[in-house]
Each structure stands twice: as C-alpha cells, then as structure tokens.
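Q: Could we go through this model together, taking one kind of feature at a time? Please give me the general idea, and then the case at hand.

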Amino acid sequence: MSASSISQSGASEPAVETLLSVARQGDEQQLGKLLTHYRNYLTILATTQLDARLRRRISPSDLVQEAMLGAYRDFPKFRGSSERELLAWLRQILINCLHHAYEAHVQAGRRDIRREISLDDMKGAMDRSVLRLAHVLADTGPSPSAPVRERERAVAIADQLAKLKPDDRDVIVLRNLQGLSFEEIAARMERKPGAVRMLWLRAIERFRQVCEIPE
C-alpha cells in the first residue's frame, strides 16, 4: 500500500484539526462531521473485541453508535488538539462502552466482572488491534515513502476495509486482526477450513486492489 493511497482516505490531519477547532466553538454540525470520519475505524476495532458471548447480544454497529453518542455528549471534556489525541480519546470511550456491555449482557449479577475483564486488559487488546490494523498489508507491498503514524494509517485502512464485501472484510478481520486459525474462523463463519483459506486469499488480493493506487 503506498503512502498516496493512505492519504486519500478520510480527512487529512489539517482538515481534522480545523474541524476540531470549529467543533470547540460549539458547532454541533461540524462535531458530527468530525466524529463520522472515525466510524469505520471504531467499527473495525469493535468487531475485533466482541467475543462469542457478546456477539449474540450486541453488534459492533450498536457499540459504535453508543460510543459516538458518548463522544458527542462529552466532547466539551476533550482537551486534546490533534488527531492522535482524539483517536486515543475515542478508543477509550469505545473501551468503556465495551466494558459496560459485558457488565450488562454477559456478567450481569456477578461480582467478579472487573477481575475477569478489566479495563486495562481491554485497552491492551485494543492497542494490539490498532497495531495489526495499521500493518495488515505490510508484507504485500513497498513500505510508505514518507512516515505515516500507525494510528492515522489504521484509520485509513479501516476506511478501505469498509469498501469490501462483508465476507471479505470479516475473514480479514478474523485472520489478520484477531489472529484466529482457519479452523476457528471456519467455525465462526460456518464454512470448511479449506474454503475459509481460499476466501481469505481472495479477500487479501481484492483488498490490495482496493487500497493500491498506481504511482
């Protein structure tokens, strides 16, 4: 994936900082526009964090919608001024929503929820997903010619993943971001391991075609 292909996805950092500045002045429409830039990013991350217990009760889009509403409501509390700081803030809101979802849907009535699924554990898992997302195609093409920060790259790649068909996107998320075996993915997708492997190979190729822009 080239640096040019990444930069063409989503908003540039100057544009984000402009939206941040305007949103701080109380422009709710611009705040909504700003947060929308990160919906795909948060959705991919939410998808990587939902285990089998929670997937039966809540979807990634539901979780992201809750996080978006929380970010919109609590934006006056945000003190950062850069996209990097905004992304960290949004991820923390998503982690809090995820933790609340486990409390409500999985561990209701139990007292050990914070020991079994801690916020620190969730943050660690989320950070690993961000790193994997940023480098999902790192071994399939040349390195970017200019430095691209991992979290910015992750946002751009999430936007590219959103262009894929659901099965292609799901198998890449399960294999590359969650690190599941083909047998585990087959059980999740109700397919045979061999079929899943072929689906993944084709999905990676299609994803490369979506992301690459001729030099």
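Q: How many salt bridges does the rule give here?
A: The criterion is a side-chain nitrogen of Lys or Arg within 4 Å of a carboxyl oxygen of Asp or Glu, and in this predicted model the count by that rule comes to five. One of them joins the side chains of Arg206 and Asp168, with an N to O distance of 2.7 Å. This pair links distant parts of the chain, since Arg206 belongs to helix H13 and Asp168 to helix H11, 38 residues apart.

Q: Which residue meets Asp167 in a salt bridge?
A: The side chain of Asp167 meets that of Arg191, at 2.6 Å from N to O. Asp167 lies in helix H11 and Arg191 in the loop between helix H12 (182-189) and helix H13 (193-211), so the pair ties together parts that are 24 residues apart in sequence. Asp167 is partly exposed, with a relative accessible area of 35%, and Arg191 is also partly exposed, at 34%.

Q: Which residues are linked in a network of salt bridges?
A: The network links Arg73, Asp74 and Lys77. Within it, Asp74 forms a salt bridge with Arg73, their closest N and O atoms being 3.1 Å apart. Asp74 counts as buried because its relative accessible area is 19%, a value to be read against the cut-off of under 20%, while Arg73 is exposed at 58%.

Q: Where do positive charges gather on the surface?
A: A patch of positive charge is made up of Arg55, Arg56, Arg57 and Arg188. Arg56 lies in the loop between helix H5 (52-55) and helix H6 (60-74), and Arg56 counts as exposed because its relative accessibility is 61%.

Q: What does Ala23 touch, not counting residues up to four places away in sequence?
A: Ala23, in helix H2 (residues 13-24), touches Leu31 and Phe75 on that basis. Ala23 and Phe75 are 52 residues apart in sequence, and their C-alpha atoms are 8.7 Å apart in space. Ala23 counts as buried because its relative accessibility is 6%.

Terms used. Residues numbered from 1 in each chain as written. Predicted model: local features only at pLDDT ≥ 70, side-chain atom pairs only at ≥ 80, totals over all residues. Heavy atoms only, no water. Patch = residues over 30% accessible without salt bridge, like charges linked within 9 Å, V, L, I, M, F, W, Y side chains within 5 Å. Areas by Shrake-Rupley, 256 points an atom, 1.4 Å probe, with all protein chains shown as cover. Lys, Arg positive; Asp, Glu negative; His and termini not counted. Charge placed at Lys NZ, Arg CZ, Asp CG, Glu CD. Helix = DSSP H or I, 4+ residues; strand = E, 2+ residues; numbered from the N terminus. Buried < 20%, exposed > 50% of the residue type's maximum accessible area, 1.4 Å probe, protein only. Contact = heavy atoms within 4.5 Å.
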